[in-house]
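Subject: Structure handover and findings

Dear colleague,

Please find below the structure I promised to pass on, followed by notes on what was found in it.

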Amino acid sequence: MLTFILRRLLYSIPVLIAASFMIFVFVAKSSDPLSFLRMQPRVDQQTVQRIIEREHLDESVFVRYGYWAKDAVTDRFGTTLLGDRPIWPDLVRVMGNTAQLVIAAELLAVLFAVFIGVYSAVRQYSAFDYSFTTLSFLGLATPVFWLALMLQVLVVTVFLEYDIRIFYISNLSSVNPDNFLLDRIQHLALPVLVLTVASVAQYSRYMRAAMLEVINSDYVRTARAKGLSERSVIMKHAFRNALIPLTTVVALNLGTVLGGAVVTETVFSLDGMGLYFINNLVEGDPYPVMAWLMVTAVMIVFFNLVADIVYGFLDPRVRYD
Amino acid sequence: MTELRKGEEQRSSETVEAGGTAEHLDQRGHAHHLAPHEEVDQVTTAVPSDPMAFVGGSGEGDLALVYESGVELKARSQWSYAARRFARHKLAMGGAIGMFFIALVAIFADRVAPYPYDTLDFNALRVPPTTEGQHYFGTDLLGRDFFSRVVYGLRTSLWVALLITGLTTMIGVAIGATAGYFGGLIDNLLMRFTDLILTLPTLAVLLVASIYLGQGDPFRVALILAALFWTGIARIVRGTFLSLREKEFVEAAKASGAGDARIIIRHMLPNAVGPIIVSATLIVAAAILVEAALSFLGFGIQPPTPALGVLIDEGRNEGLKFWWMVTFPGLVIVFIALCINFIGDGLRDALDPTQRRVRD
């Protein structure tokens, strides 16, 4: 087990280095972050020259990658290219905000999905099963950003027509709210709802499939045959094993989503990882973009590993070699 | 690998005359005793001429059954079985009809749309949906007929999605086939590269790529998306090829002196067509959704080219007060994605019974 984890971690290091180099070359080679600065009439040539020297922009891309890697390791990703602003504090802030959004959404999604999946499987081909199958198909076909916008349209229309404001459609909190928690919930409710819907559509299908497979397996028939109550068969014997595939899917998904729900955060102007990435990308500053990509890639690698470990823990038949 | 090659060289000298047909014997050998006599009402050839007939199926029970008594049953190729299975899938047929309709609208966009997509009309600014003046979806802030814009946007989005799917399939098949056929070091390198791509956050890489490679041109957008989408198909093709590589008909083809390219294209690829079609279909839906998101974020197709994501973004910039500008393009996206997912499900059941997602 320990060797498995160690081997996976060691193996991910060259992958991360290769990925970072690829993207660094990509970002550094084909853009000039100073073009915006050069167009400013108030910025003189000396300032631009100072930035070029400070950031070693006149060196080859390999040397620049070396400087970047040194900063990333020794100085927590260093500072932004344009404003000389430390990157790490910003990243920590947006990570915290994204975590609130994503963890709330994923918890809700797992709860709903497990209930829907199990109930659909136990009552296969019932009206409940059919309606939620249809809904999940709809959910999978709906673009996340459009769902978010439609909710915003609804809220805006209600506000304009009746002057009722229950939810906010942008930002994380108001200025000086009376009740911080309530205010935060009013702000986060819609984005959480959007992310939840997207995840439930996916997870409930997995849960239903897993539950169906378990219900039709031999050991469940044995449990029924020896006279256990249906409730005990489903809850004690079938349900727990059916949860195993879902844990993998959720763990894998968490890795990706914690990197920021780029679209959702953009639509709702939430100060999270996704919006941080987009804003810096538009400004053409390579260092925050690189920092974001590295943090996200590490999270994906980490949660892939977690998914494998948890799977082996829940299903002892899996052996690590 | 090298041992295998040696073995083949030896064998090739022994089986020269068997050569070209050895592969056919392997798959069709048991179908060759056609009974000569009898009261048959439907006489059909037992051996389908089309090599693709053996795609993705169990292989048994699909050929003409010629019993000792001489009763011959009608032979159906795998394709006709697949077509029947597909036709029985109600949702898939519904999806197929829906997509047929959508495709017609896209192809005949200039006849369907009552107005050109860029004609301004300052007497009809921001008109809500109405049958008056044929503004079924209303007009936008410049008085452009929104129904016509959606129709043309549909054409762009669908075209880009098909382009993405075509490119993705080509890249995926090429890489997967190379990895699966040659194995060894090549396989290892290509699969590590695939892992690398899967480690990267997809949407983020798409955004980086589109900002640095230039955006706006539908062909470029398609190329960027395809450069990230191919991993799924590559894995499927590689898996199929790894198992086919050791089969006798491949050995026979090698023994008869067929080159690598010929073996891959003529002998192995037809066996992987089923799964490839299924995943290509699902890629169309994914492509529509991702392209819309990309264009919506301003990194994909750029205005004034109307694409569904671009239209939604225009609606959003109007402050969400004109609900029709957000609603209709989105509904069209949902409809297309839904139809294609249904078709994909039906195709999966029809062509690729081993990969059914839900057993029911």
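At what angle do helix 10 and helix 13 of chain A pack, and how far apart are their axes? Before the answer, two remarks on conventions. This is a predicted model, in which local features need pLDDT of at least 70 and side-chain atom pairs count only at pLDDT 80 or more, whereas totals for chains, interfaces and linings use all residues. Residues are numbered from 1 along each chain as its sequence is written, and chains are lettered from A and ligands numbered from 1 in the order in which they are written.

Helix 10 (residues 230-258) of chain A packs against helix 13 of chain A at an angle of about 170°, and their axes are 8 Å apart; axes are lines fitted to C-alpha atoms, for helices over the stretch in contact, and angles run from 0 to 180 degrees between N-to-C directions. That makes helix 10 of chain A roughly antiparallel to helix 13 of chain A, the term being used for angles over 145 degrees. Among the residues that make the contact are A:Ala251, A:Leu252 and A:Gly255 of helix 10 of chain A, and A:Phe303, A:Ala307 and A:Val310 of helix 13 of chain A (contact requires C-beta atoms, placed from the backbone, within 7 Å). By class, this contact has 14 nonpolar, five polar and no charged residues, where Ala, Val, Leu, Ile, Met, Phe, Trp, Tyr, Cys and Pro count as nonpolar, Asp, Glu, Lys and Arg as charged, and the others, Gly among them, as polar.

Chain A as a whole has 13 helices and zero strands (DSSP runs numbered from the N terminus, H or I of at least four residues for helices and E of at least two for strands). Its C-alpha atoms fill a box of roughly 85 × 65 × 35 Å along the principal axes. Of the 321 residues in chain A, 35% are buried, meaning that 20 or more other C-beta atoms, placed from the backbone, lie within 10 Å of the residue's own. Among contacts in chain A between residues at least 6 apart in sequence, 71% join residues at least 24 apart.

Turning to the interface, 40 residues of chain A are in contact with 33 residues of chain B. Helix 7 of chain A gives the most to the side of chain A that touches chain B, with eight residues, and by class that side has 28 nonpolar, ten polar and two charged residues.

On the chain B side, B:Asn341 lies in helix 14 (residues 323-351) of chain B and is buried, with 22 other C-beta atoms within 10 Å. Leaving aside its neighbours within four places in sequence, B:Asn341 is in contact with A:Phe137, A:Leu140, A:Ala141 and B:Ala285; B:Ala285 is 56 residues away in sequence, yet the two C-alpha atoms are 6.7 Å apart. Helix 14 of chain B is mostly covered, with 25 of its 29 residues buried.

Finally, helix 7 (residues 184-199) and helix 10 (residues 231-244) of chain B have axes that come within 10 Å and cross at roughly 150°, and these two helices of chain B are therefore roughly antiparallel to each other. Here B:Thr194, B:Ile197 and B:Leu198 in helix 7 of chain B meet B:Thr231, B:Ala234 and B:Arg235 in helix 10 of chain B, a contact whose residues divide into three nonpolar, two polar and one charged.

Best regards

Conventions
Contact = placed C-beta atoms within 7 Å. Buried ≥ 20, exposed ≤ 12 C-beta atoms within 10 Å, placed from the backbone. Parallel < 35°, antiparallel > 145°, perpendicular 65-115°, else oblique.
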